[in-house]
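Reader: I have a structure open and want to learn to read it feature by feature. Can we start with strand pairing?

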Amino acid sequence: MSILRNLRRRVAPALVAVLLLGAVATAHADAPRPPVAKYVKAYAAGEGAKVFTLRYDAPEKQQALVQVTGIDHALDGRILRASVQATARDTRYTVELQGRPFVLLIVAGEGGGELYLPGAPRAERVRYDEDLSEQGNAQHFLTAYQEQAAAR
């Protein structure tokens with residue numbers, strides 16, 4: 001009988017912990033995902049930099065996810081949430097870096113624009129890339145952003 005009691009004392013807390021972790025994981029999995037655009041838009045620079053954008057949340061909130069890859073910079077691969085300001089001339093993607101707003105990307109109406117990296121001596125020209133855009137998956141992009149945010 002004492003063996004059974006000792007087993008209960010050891011197993012019960014572990015079982016409770018497993019059940020709680022399962023409940024937390026289920027609650028996280030059931031959490032609603034914010035709406036995103038159906039398509040990813042991609043821009044490419046001549047020297048290998050690629051910029052991916054995706055409207056994030058409801059359109060009236062004017063937000064997007066932005067990822068820059070193919071660069072030798074601390075921002076390489078990070079997915080950042082940006083506020084989006086569209087004017088008659090261009091669309092500006094502003095992210096928060098070190099507690100300050102920073103215009104990361106400006107896209108002009110003709111499908112080209114400029115990528116600005118903190119500390120870089122000059123902006124890098126980018127152009128809309130249809131083939132690269134078609135490779136993007138909006139839901140995968142959102143999942144990667146959420147996983148990245150959860151890891152921080």
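This is a predicted model: local features need pLDDT of at least 70, side-chain atom pairs count only at pLDDT 80 or more; totals for chains, interfaces and linings use all residues.

Reader: Which residue in E4 is the bridge partner of Leu-65?

Author: Arg-81 is the partner of Leu-65. Now widen the view. E3 and E4 belong to a closed barrel of 8 strands, in the order E1-E2-E3-E4-E5-E6-E7-E8. Pairing in the barrel is antiparallel. From one strand to the next, the twist averages 35°.

Reader: Which strands does helix H3 touch?

Author: Helix H3 (residues 138-151) packs on the sheet and touches E2, E3 and E4. The direction of H3 makes about 90° with that of E2.

Reader: How many helices and strands does the chain have, and in what order do they run?

Author: The chain has 3 helices and 8 strands. Read from the N terminus, the order is α-β-β-β-β-β-β-β-β-α-α.

Reader: Next, aromatic pairs. What describes a pair of aromatic rings?

Author: Two values describe it: the distance of the centres and the angle of the planes. Across the whole structure, a search finds 2 aromatic pairs. One of them joins Tyr-43 and Tyr-128. Their centres are 5.8 Å apart, with 70° between the planes. An angle over 60 degrees counts as edge-to-face, and this pair is edge-to-face.

Reader: Is Tyr-43 buried or exposed? And where does Tyr-128 fall, by relative accessibility?

Author: Use the cut-off: under 20% relative accessible area means buried. Tyr-43 has 5% relative accessibility, so Tyr-43 counts as buried. Tyr-128 has 40%, so Tyr-128 counts as partly exposed.

Reader: What about Tyr-56 and Tyr-145?

Author: Tyr-56 and Tyr-145 form an edge-to-face pair as well. The centres are 5.6 Å apart and the planes make 70°. Tyr-56 lies in strand E2 and Tyr-145 in helix H3, so this pair ties together parts 89 residues apart in sequence. Both Tyr-56 and Tyr-145 are buried.

Reader: Now a single residue. Where is Thr-94, and what is it in contact with?

Author: Thr-94 sits in strand E5 (residues 90-97). Its relative accessible area is 13%, so Thr-94 is buried. Set aside its neighbours within four places in sequence. Thr-94 is then in contact with Arg-81, Ala-82, Ser-83, Gln-85, Pro-101, Phe-102 and Val-103.

Reader: How far is Ala-45 from Arg-127, in sequence and in space?

Author: They are 82 residues apart in sequence. In space, C-alpha to C-alpha, Ala-45 and Arg-127 are 6.6 Å apart.

Reader: Last, the chain totals. How much of the chain is buried?

Author: Of the 152 residues, 32% are buried. The accessible surface comes to about 10,300 Å². Carbon and sulfur atoms hold 55% of that surface.

Technical notes: Residues are numbered from 1 along each chain as its sequence is written. Side-chain values use heavy atoms; hydrogens and water are left out. Helices (H or I, at least four residues) and strands (E, at least two) are DSSP runs, numbered from the N terminus. Buried means under 20% relative accessible area, exposed over 50%, partly exposed in between (1.4 Å probe, protein chains only). Accessible areas come from the Shrake-Rupley method with a 1.4 Å probe; for residues, only the protein chains shown count as cover. Two strands pair if DSSP finds at least two bridges between them. Axes are lines fitted to C-alpha atoms, for helices over the stretch in contact, and angles run from 0 to 180 degrees between N-to-C directions. Contact means heavy atoms within 4.5 Å. Rings of Phe, Tyr and Trp (its six-membered ring) pair if their centres lie within 6.5 Å; planes under 30 degrees apart count as stacked, over 60 as edge-to-face and the rest as tilted.
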